[in-house]
Amino acid sequence: MELYTERLILRPWKITDAEDLYGFASDPQIGPVAGWPPHTSVENSREIIETVLMDELTFAIALKDAPDKAIGSIGIMTNEQGQRHSFMGFHDAEIGYWLAADYWGQGIVPEAVAEILRYGFEDLDIPVMWCGYYEGNEKSKRVQEKAGFVYERKEKVDVPLLQEQRIEHFTRLTRETWEQDKK
């Protein structure tokens, strides 16, 4: 399935995206702020595509004028897939995203998040969407504020891929609030 916005295509990840993924996921500005280590090779990126990103609710972000070039990722993780956080309701979901540094500051992630919210609330009938950011990730915090997420809580969490603990801030948006904000 593909989702479309004014400038973007949100499409399934493909094995052929491995070089593009490695090109930006090897950048230490990208993964560690999101909780994962920089990719070490094209083969490492290919493995991540196969084992993590090829999920039906995870999308490569591509510009409409370059649909075969992945520049980031966005996805929905449902609580039904496995208990995400104890405070989330069973039918709730969480959004995650990241973007190549060359594309920061262009409004791409807010545009992608707006479409993922529409898809989650309207097509998947999710009642509450959650999002989070680690302490100090002001870019992600700002994206969530622009999208209408409301600050809910913070807690110390394990970041297993980096073998550390961090403070994570959680925000939430209900379908009802999202529908009211659309008017």
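At what angle do helix 1 and helix 3 pack, and how far apart are their axes? Keep that in mind as you open the model, which is predicted: local features need pLDDT of at least 70, side-chain atom pairs count only at pLDDT 80 or more, and totals for chains, interfaces and linings use all residues. Residues are numbered from 1 along each chain as its sequence is written, and side-chain values use heavy atoms, with hydrogens and water left out.

**Stop 1: the helix pair.** Select helix 1 (18-25) and helix 3 (residues 42-53). Helices (H or I, at least four residues) and strands (E, at least two) are DSSP runs, numbered from the N terminus. The two helices pack at an angle of about 105°, with axes 8 Å apart; axes are lines fitted to C-alpha atoms, for helices over the stretch in contact, and angles run from 0 to 180 degrees between N-to-C directions. That makes helix 1 roughly perpendicular (65 to 115 degrees) to helix 3. Now show the side chains: Ala 18, Glu 19, Leu 21 and Tyr 22 of helix 1 meet Val 42, Ser 45, Arg 46, Ile 49 and Leu 53 of helix 3, where contact means heavy atoms within 4.5 Å.

**Stop 2: the buried face of helix 3.** Stay on helix 3 and pick Asn 44, Ser 45, Ile 49 and Leu 53, its buried residues (under 20% relative accessible area, 1.4 Å probe, protein chains only). Look down the axis: these residues fall within an arc of 145°, so they line one face of the helix. The arc is that of the directions from the helix axis to the C-beta atoms. Their cover includes helix 1, strand 3 (58-63), strand 4 (72-78) and strand 5 (93-99).

Stop 3: You will find an open sheet of eight, in the order 1-2-3-4-5-6-8-7, with mixed pairing; two strands pair if DSSP finds at least two bridges between them. At the edges are strand 1 (3-4) and strand 7 (150-159), each pairing on one side only. Zoom in on strand 2 (residues 8-11), which pairs with strand 3 in the antiparallel sense over four bridges. Here Arg 11 stands opposite Ala 60 in strand 3.

**Stop 4: Pro 37.** Finally, select Pro 37, in the loop between helix 2 (31-34) and helix 3. At 35% relative accessibility Pro 37 counts as partly exposed, the class between buried and exposed (over 50%). Leaving aside residues up to four places away in sequence, Pro 37 touches Leu 161 and Leu 162.

Definitions and conventions: Parallel < 35°, antiparallel > 145°, perpendicular 65-115°, else oblique.
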